[in-house]
Each structure stands twice: as structure tokens, then as C-alpha cells.
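Please examine the model shown below.

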Amino acid sequence: MIDVKRIYFIAAIASYIYILLHFNSSIDAFAPLQISAVDETIERGFLLDAYRNTVPTFHILGSQLALMLGKDCSFLLFSPIQLIPYAALFFLLMLKLSDSYFLAGLVSLTELTTGYAGTQRIFFWPHGIGSILYFALLILFLLMFSEKNRSVWQSSNGGDNWNIPGIYII
């Protein structure tokens, strides 16, 4: 008997390999500018004022990754550092929305393989980090406000009261 999960796993691995080969060295022109800001932050030891107006946390994250990995900043430019979190979270989001492994895999594969350059999805890029955070937030909202957890977020008097303890942290 054919194991469907193995076929899905093999298809996912093959699609990741295809994505890496397809987008090999096809990177957006602004990516080296972002990496140079990360490199300059590491070299000087602090974030310059010119980079504080753009995306300062991205440059700090890149600096920390480069220092922790002990690699040059060009490693961040060409390594597929965002591929696994982006693909996993997008697949999970599509799975929560569709409740079908096949449809979630098909939509995820389409999302990952379309476009001219793999900058946002694969390489270290501010929009990719933002997409990863956005997908994670959407998944958390879907999990929190699902029908299974209805008693947590909705009271028995019609839903006018919110019983979420995190809202009262202010």
C-alpha cells in the first residue's frame, strides 16, 4: 500500500530543492544594501543613525545572526535562511484555512515558486522577516479564535465580554 505521507514528504523536499535551484543567485538589487548595513553595524558596534529610520530591528537581527553563526555578512545574502520558517508557517496557515493537506501543499508550492526572484521568501530580507511574523500572528489568531477555544474568548451572555487575560496586561 502506498504511504501518502511519504509521497507528501518527498514532494515537499523535491519542491524545496527546485526552489533553491530555480532562485539560485537571483536576488533583488536592494538586498546587498541591506546586508552592507548589517556589515557596517557589526564593524562599528552600533547602529548608525541613517539606518534607524528604515528597519533598525532587521539590521540588528542580521548582525546578531552573523555574529552567532561566526560567518561573514555575505553568508546572509546568499543563504536560504528564511526558506524553512516561511514555508512552514505559510503551509500551516493554509492548512488551518483549508483543512486539507493537499490543497495547503499545492498553494504553498505555488506561493514559493512564483515570482522573478526568491528574495522575499528565501534570502535574508526585511519583507520576508515581516511575512514570517505576519503568518505567525495570523496562525495564533486562528488558533485562539477557533471554535474549539470559543469558551475562552466568548462569554455565555452573547459574546459581549472578552475573557482573554492578555488584553488586561495594560
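A pocket is defined on a 1 Å grid over the protein atoms alone, as an open set of points where a 1.4 Å probe fits, with protein on both sides within 12 Å along at least five of seven lines; lining residues have an atom within 4 Å of a point. This is a predicted model, in which local features need pLDDT of at least 70 and side-chain atom pairs count only at pLDDT 80 or more, while totals for chains, interfaces and linings use all residues. Residues are numbered from 1 along each chain as its sequence is written, and side-chain values use heavy atoms, without hydrogens or water.

The largest pocket is lined by 17 residues, and Y8, A11, A12, F91 and G105 lie nearest its centre. Helices α1 (4–22), α6 and α7 each supply at least two residues of this lining; helices are DSSP runs (H or I, at least four residues) numbered from the N terminus.

Helix α2 spans residues 31–44. Its buried residues (under 20% relative accessible area, 1.4 Å probe, protein chains only) are A31, Q34, I35, A37, V38 and T41. Seen down the axis of α2, these residues fall within an arc of 150 degrees, taken from the directions from the axis to the C-beta atoms, so they line one face of the helix. On the other side of α2, L33 and E43 are exposed (over 50%).

A nonpolar core is a set of buried Ala, Val, Leu, Ile, Met, Phe, Trp, Tyr and Cys residues joined through side-chain atoms within 4.5 Å. The largest such core has 13 residues, of which Y86, L93, M94, L112 and F135 touch the most other members. Its largest share, seven residues, comes from α6. A second, separate core of eleven residues includes A31, F58, L76 and F124.

Note on methods: Expected span 1.5 Å × (residues − 1).
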